[in-house]
Amino acid sequence: MRRIVRRATRLLRQLGRAVKAELRAAVRRGPIRSGTVLYESFAGNGALCNPEALFRELLRASDLTNLRHIWVLDSLRAHRAIRAEYAGDPRVRFVRYRSLAYHRALATSQYLINNATFPPEFSKRDGQVYINTWHGTPLKQMGYDMPNGAMDSANTIRNFVAADYLLSQNSFMTEQMYEKAYKLRGIFNGLIIEEGYPRVDHQFLDQEHFLKSRADLESSGVDLGDRSIVLYAPTWKGDSFSNPEDDARQLLETVVSLQALLGDEQYVVLLKTHQIVHRYAAANPAFAKLLVPNDMPTNTILGLSSALITDYSSIFFDFLATDRPIIFYTPDVDEYSESRGTYFSPATLPGPVCSTLEELHAAIIEAGTDPQEQSARAGTRETWKERFVPNDDGLVSRRVIDVVFRGEHRDHRVLSIGDDSRTRVLLHLGGMRSNGITSSALYLLNFIDHTRYDVSVIFTRPLGAQQRANQARVDPRVRQFHRAGGMNGSKFSHLRRKLADRRQDASLHVDSPSQRRLWDDEWNRCFGQSRFDIVADFSGYTAFWAILLLHSPDARRSIWLHNDMSAEANRVIRGRRRMRRSLPAVFALYRGFDALVSVSPSLRELNRKALGTRFRLRDDQFAFARNIVDDEHVLKGMRADLRELQDHPIDVETGEIHVPEWASEMLTDDGSRWFVTVGRFSTEKNHARLLRAFALVHLEYPDSRLVIVGYGPLRAELERTVDALKLTGAAFIVGPYSNPFPIVAAADCFVLSSNYEGQPMALLEAAIIGMPIVSVDFESVHDALPGDEIHVVPQDDESLARGMRSFLRGEVTPATLDVDGYNRSAIEEFHAATGNARMVRKPSRESGVQQKAIPPGVSALD
């Protein structure tokens with residue numbers, strides 16, 4: 001019964017998801033509603049920040065009364081103040097975040113304004129204008145400057161490259177955050193409006209608005225009296241807060257303790273929490289008299305405040321415009337600097353830096369009573385003010401609206417950072433599992449000339465430990481796009497797409513208007529307005545990615561053939577030819593690519609003969625580019641202690657690494673000689689042949705040993721073969737190991753028994769280590785290494801055993817590889833294969849923010 005209930009529940013959930021997908025697809029087919037503006041702040045956490053300031057200015061604009069306004073809220077039961085304020089205004093309405101009404105508004109509004117990010121399913125449509133305001137000049141490090149920044153920034157970068165406009169408070173934000181930390185230089189094709197921050201307009205209060213705002217604050221339950229406000233506004237510190245509710249209690253203790261030190265006569269300490277913490281604080285009655293309500297603009301509270309206390313929040317940049325004291329309370333500065341980091345050291349900040357409540361109390365008193373202290377700090381604040389809020393004069397919202405809604409670019413700071421003389425390259429890297437393709441891709445990214453290429457990569461957002469470890473190895477100069485979420489479109493469209501794959505129909509994605517829209521939409525969802533000169537499917541194993549890259553605008557397109565692809569299509573995996581349909585679907589798409597890049601000259605000829613005539617491919621499409629090798633990675637890896645490899649099993653009782661018996665034996669000088677191979681436990685690697693050959697060798701040389709390192713579906717079968725051949729204690733099936741090089745280096749001879757290979761990277765890595773190499777014969781082994789470095793034998797058990805005996809008799813010498821010379825040749829082959837020699841872009845001006853004349857845009861008045 002339970003099984004039936006679970007199955008029914010699962011089916012209902014699937015049905016629910018399908019219905020939602022159909023509804024989202026339906027609303028995306030609706031027309032764009034001219035003059036409609038959608039606002040979203042912090043995923044619907046209120047009418048807040050820059051979007052709120054722009055919203056109010058647009059409502060005041062007498063020439064923009066035609067606009068209709070939609071606010072996104074995370075709950076239509078909460079946020080009563082903003083809903084009550086506009087309850088009678090027919091121009092303003094509200095939708096709940098991620099509801100059907102939300103998706104309809106997101107898909108059909110002409111203008112989209114967000115201070116953070118839209119969700120993964122968002123894809124801007126033609127005719128929409130996206131303004132991303134962001135939410136502050138950064139003090140704490142952002143984007144790729146953060147630890148694990150590429151992972152944490154993926155959806156942010158996706159939103160940025162989709163935007164038509166990004167708002168910037170100052171040149172530091174433009175250069176350090178947008179251009180560098182988020183790697184937008186050369187890839188962002190929209191415009192940056194560097195006119196200050198709309199939300200700061202709220203800080204410029206005349207006497208009437210000052211008194212009204214204090215009254216509004218008191219009516220929310222805060223007891224002000226005639227005391228001066230000291231605002232405590234700390235940041236949210238991300239992963240260091242395992243529980244926001246616990247953090248709220250800690251902040252309460254800080255405010256209560258500080259108020260006790262200051263007394264109740266002159267100052268009132270108020271707390272402004274980060275959005276993530278606010279909901280927990282608002283639910284606790286203890287916060288009632290000191291918590292700033294979320295419905296009041298934070299910058300209005302700044303305009304009311306006599307002093308600001310913060311830690312690493314960008315709020316202090318806004319407060320610079322007031323010329324009032326700023327105090328930094330950072331009791332965890334060392335820990336935070338190590339875990340996240342800041343762009344400015346504490347010693348350079350425009351205010352005293354305190355680590356205890358007593359120091360904080362003293363700093364507040366000095367700021368209010370010591371003229372010398374005020375004068376000394378004022379000079380530093382003025383320098384920071386000139387640098388970081390030079391344009392925040394109370395009229396920023398109006399200037400931003402001039403640019404976006406009135407099309408008035410002249411006399412405003414509207415910047416382009418899309419110019420770059422480098423060739424823009426996009427590489428799809430595959431599934432990021434530990435295999436030869438991933439290693440080859442990572443080596444290429446390390447070796448490629450980044451002064452010549454602006455490199456981006458795309459792969460499915462890594463979830464497993466192995467994929468995340470490989471993602472972390474991507475060269476930090478490379479921009480990463482992580483595909484998260486699924487394609488938009490109806491289930492019927494996706495059914496047609498999948499049936500086309502099964503039929504090997506290579507034209508449907510182009511010939512069918514609905515299918516073409518489906519794929520173009522997915523390209524836009526992943527890459528926004530990004531444009532590339534070269535697009536390459538470096539993996540080359542799935543029709544999905546091949547089709548997606550074929551929808552890249554105006555690029556030279558290549559796909560890599562890492563193997564004898566015809567043989568791969570017939571490879572048996574767990575008793576089935578699992579790629580019998582999927583790979584021919586990829587082959588049928590080859591005609592759309594400019595270059596079909598095999599990874600060796602012999603493999604190019606093999607693939608040309610096997611696939612050229614069958615799939616009507618041109619000879620000039622077939623190219624080759626050998627894989628790059630990273631000798632530093634190999635040599636550094638081999639120096640690790642074999643006894644301390646992180647992938648060894650862990651002793652459950654002690655929690656320490658348990659050194660396997662075979663590893664201990666490899667390090668023992670007992671006269672035994674070890675053969676080693678590294679590769680996936682799959683049919684084409686034919687480790688069973690290696691075991692049978694080794695059994696013959698072991699009869700004659702009982703001190704010989706074999707270790708097979710890898711992972712894959714045939715592990716249990718190989719272990720049974722070891723038992724059947726009575727090789728227990730002499731042959732070992734081990735792995736997976738993220739760093740197999742210490743194992744290879746501890747052995748005496750590398751052996752390869754594959755039925756076929758692409759370019760066998762394992763042989764190149766063995767040559768770097770200086771191993772003697774024995775391999776069976778297959779097409780690409782003969783140009784795997786320059787010269788005659790490999791002892792090649794026929795593909796049968798006895799011949800392989802003979803080759804292994806040759807090593808034991810001293811007849812197989814260590815292989816060598818001139819890595820520098822090899823890599824120089826390989827990278828030139830990459831240039832030739834991708835066509836870069838024929839794609840020289842015009843050089844841009846000197847680096848830095850560049851301003852160029854921009855024709856007026858489409859006006860909201862039209």
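Predicted model: local features only at pLDDT ≥ 70, side-chain atom pairs only at ≥ 80, totals over all residues.

**The parallel sheet and its surroundings**

Author: Strand β14 (residues 423-428) and strand β15 (residues 453-460) run parallel, joined by 6 bridges. Take R424: its bridge partner in β15 is D454. Strands of a sheet pair through backbone hydrogen bonds, either parallel or antiparallel.

Now widen the view. β14 and β15 belong to an open sheet of 7 strands. The order is β16-β15-β14-β17-β18-β19-β20, and the pairing is parallel. Two strands sit at the edges: β16 (479-483) and β20 (622-624). Each of these pairs on one side only. Direction ignored, neighbouring strands of the sheet are turned by 25 degrees against each other on average.

A helix packs on this sheet: α25 (residues 601-611). Helix α25 touches β18 (556-561), β19 (595-598) and β20. The directions of α25 and β20 make an angle of about 160 degrees.

Next come the aromatic pairs. The whole structure holds 41 of them. A pair of aromatic rings is described by the distance of the centres and the angle of the planes. One of the pairs is F587 with F615. Their ring centres are 5.6 Å apart, with 70 degrees between the planes, and the pair is edge-to-face. F587 lies in helix α24 (residues 582-587), while F615 lies in the loop between α25 and β20, so the pair ties together parts that are 28 residues apart in sequence. Both F587 and F615 are buried.

A further pair joins W662 and Y737. The ring centres of W662 and Y737 are 6.1 Å apart and the planes stand at 85 degrees, so this pair is edge-to-face. W662 sits in helix α27 (residues 661-666), and Y737 in the loop between β23 (731-734) and α30 (741-746), so the pair ties together parts that are 75 residues apart in sequence. The cut-off for buried is under 20%.

Two other aromatic features round out the tour. F172, F316, F317, F328, Y343, F344, W384 and F388 make up one aromatic cluster. Elsewhere, a charge meets a ring: the charged end of K183 sits over the ring of Y144, 4.9 Å from the ring centre.

How values were computed: Residues numbered from 1 in each chain as written. Heavy atoms only, no water. Pairing = 2+ DSSP bridges. Helix = DSSP H or I, 4+ residues; strand = E, 2+ residues; numbered from the N terminus. Axes fitted to C-alpha atoms, helices over the stretch in contact; angles between N-to-C directions. Contact = heavy atoms within 4.5 Å. Phe/Tyr/Trp six-rings, centres within 6.5 Å; stacked < 30°, edge-to-face > 60°. Buried < 20%, exposed > 50% of the residue type's maximum accessible area, 1.4 Å probe, protein only. Lys NZ or Arg CZ within 6 Å of the ring centre and 35° of its normal.
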